[in-house]
Structure formats: structure tokens, C-alpha cells
Amino acid sequence: MAHQAHAYHMVDPSPWPLTGAVAALLMTSGLAIWMHFHTMTLMTLGMILLLLTMYQWWRDIIREGTFQGHHTPPVQKGLRYGMILFITSEVFFFLGFFWAFYHSSLAPTPELGGCWPPTGITTLDPFEVPLLNTAVLLASGVTVTWAHHSIMEGLRKQAIQSLALTILLGFYFTFLQGMEYYEAPFTIADGVYGSTFFVATGFHGLHVIIGSTFLAVCLLRQVQYHFTSEHHFGFEAAAWYWHFVDVVWLFLYISIYWWGS
Amino acid sequence: MDYWNHKVPLLASRAFSSSARQLRNKVPEAQKLFQADNGLPVHIKGGTGDVLLYRATMTLTIGGTCYSVYWLLVASMPQKKA
């Protein structure tokens, strides 16, 4: 059996990049076909393929790291760089939507009544549910840090409890935001106010759901003894992502909910 | 005595017939399975389930590609005006 004379990870050939690329093709072309021919089959097929790809690709990474020992310190360093670069790209994604919001709100056009919020828009009270949402996410930032320290100190039960609490807080945020969306006195079609509000908060909400899912996977892994007190990068990546989601909310709250009301 | 550092490792290695609250640590078994010298790539090294899921995924991949080419041809044709 040949052994490598270096600490890096030469991955086994994998079909998932191809299936992922095809999933992207099917989702995008499926979107166009849905719009023009009123059938969702192609797009749905793409989404299913995307889920299958994500499940198997990330399952394989867990196998390579936890079961095969390929995630040596240099490899882990690369994974850290990767996660940081990804989160940075997401920061730029949100920056665009904040740019759009400030572009329209700092110099409101005559069509809006020359004011912000525009004439006719009843804004949400920033000191009601949005403030509760802020408290919920800040609390979840505390509980995820508690979970991290529990893992580092080898406290299995506390790690499970604090991680579960973090996820519950995430679900609570999503539930509250869902209720707000349902009850809101304005829609996405209500001019540039509606557009900027729902696109920015909507993408944020999607990221909360993604982050909660990532944390839930970490919870399953923690229960199954995957993490050690020294090596638990999957959890750290999820925690970084969660803090990023929290910070985006704080900017949304200050800019759109509070200043923009 | 520090419960978590002394008693728990001993408990974790006992075989539980019914796990009410505690799960057995199955990582060592998984490590043995995935480090077996059988030349299998990681995406099918877990067994039959892996192979079935891979085949289903690849079927959707190839089928889906053909289906998207079909719609490409439909969309390329002139639309009949009623």
C-alpha cells in the first residue's frame, strides 16, 4: 500500500462536482422553462439533484476528515481559509443590497413623495418584534459560544444542550420573522421600499435557515462523538457562519428597521 | 472526582443493549470501515447504500441533462400563434 510523503489531502475522484454543475444547469434552465412554459418539472429535478449532491459531498468530507484522518493541520488551515473566503463573498453579496437600500433612501425621488419612508408606507415598529428578533439572535450568539467552550472542555452534555438551544433560538427567529412577513402592512410590490425591505430581509432569513441547518448537522455529529476537544472545525465553521448571520441582522435592524422607519 | 474525565470514558466503552439516553461511540468502527484497504473511493466506500444512492443521483444527472436539452429544442422552435 503506497503512503504519501506529505501532509496534504489528495482527494479520491468524485462525481459530485459534475452532479452539482448539472443541478445548477437544471435549476437555471428550469427557472426559464417555468416562466415561459408553466411547468416546474425541470427546476424541481435540479433542486432534488442539488440536495443529493450536497448530502453526499458533505457526507464524504466528514468521512475523509473524521473517519480517514485526512484533515491534518495544513489541510485544516486550508479549510479555514476557504470558509473565511466564502463568508467574505457573502458579505459582498449583502453589501449590494445595502447599497440599493441607501441609494434609494438617502435621496428619495419625487415619485416617493421626496421622503423616506415613502408616502403611504406604514413601517414596522422597530421596538416591537424586530427588537425581540435582535435579542433572540444576540442570545443565540452567546449560546453558540457556550457550545464551543463546552466542546473544547470535553463537556459532552453541555455542548449538546447549548447547541440545541442555539438551533431553537434560530427557529424562533425564523418563526417570528415569518409572522412579521404575514402581518406586514406592505408587500414586495410596494415600490422601492417593499423591494429593498423584502429582498434584504428575505435573503437574510434564507441565511438563518441555512445556518440553523449547518448547526443542526453539527448537533448530530456532536451526539455521534465526531468532535474532539482539539479538533472540531466543522463546528467552528458553523459558528463563524452563525455570527456572520447575526451581524448582518444587526446592520439590517439599524439601517432598514430603525433608521429607515 | 471529575465525572466527565474519569467515569464517562469507561462508560462509553461498555456495550449498551438498549440506549435510553446514551449513544455508543461508533466512530472507531467507522474509522475501520473507511480505512479498509479495498481501493474503493470514499463516495462508495460505505457499502450498498452508497452505491444505490450514487446510481440514483447519476440517473437524475444524465436524465436531467437530456430533459434540459429537450426543453432547449422546444424553446428554440417558433411558437405557434393561435
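A nonpolar core, as used here, is a set of buried Ala, Val, Leu, Ile, Met, Phe, Trp, Tyr and Cys residues joined through side-chain atoms within 4.5 Å. Buried means under 20% relative accessible area, exposed over 50%, and partly exposed in between (1.4 Å probe, protein chains only). This is a predicted model, in which local features need pLDDT of at least 70 and side-chain atom pairs count only at pLDDT 80 or more, while totals for chains, interfaces and linings use all residues. Residues are numbered from 1 along each chain as its sequence is written, chains are lettered from A and ligands numbered from 1 in the order in which they are written, and side-chain values use heavy atoms, with hydrogens and water left out.

**View 1. The largest nonpolar core has 46 residues.** Phe197(A) and Phe235(A) have the most contacts inside this core. Two or more residues each come from helix 3 (73-106), helix 4 (129-152), helix 5 (156-183), helix 6 (191-223) and helix 7 (233-259) of chain A; helices (H or I, at least four residues) are DSSP runs, numbered from the N terminus. The top contributor is helix 7 of chain A, with 15 residues.

**View 2. Here are the surroundings of Phe235(A).** Contact means heavy atoms within 4.5 Å. Beyond its neighbours within four places in sequence, Phe235(A) contacts Val144(A), Ala147(A), His148(A), Ile151(A), Leu163(A), Cys218(A) and Phe227(A). Elsewhere, a second, separate core of 8 residues includes Val22(A), Ile33(A), Leu45(A) and Trp71(B).

**View 3. Ser162(A) sits in helix 5 of chain A.** Ser162(A) counts as buried because its relative accessible area is 0%. Not counting residues up to four places away in sequence, Ser162(A) touches Thr143(A), Trp146(A), Ala147(A) and Ser150(A). From Ser162(A) to Val144(A) is 18 residues in sequence and 6.6 Å in space, C-alpha to C-alpha.

**View 4. Chain A meets chain B through 35 residues from chain A and 31 residues from chain B.** About 2,900 Å² is buried between the two chains, with carbon and sulfur atoms giving 73%; buried area is the accessible area (1.4 Å probe) that two parts lose on being put together, summed over both. There are 2 salt bridges between chain A and chain B, a salt bridge being a side-chain nitrogen of Lys or Arg within 4 Å of a carboxyl oxygen of Asp or Glu. One of these joins the side chains of Arg63(A) and Asp50(B) (2.6 Å, N to O). On the side of chain A that touches chain B, helix 1 (16-37) and helix 2 (41-67) of chain A each supply at least two residues, and helix 2 gives the most, with 14 residues.
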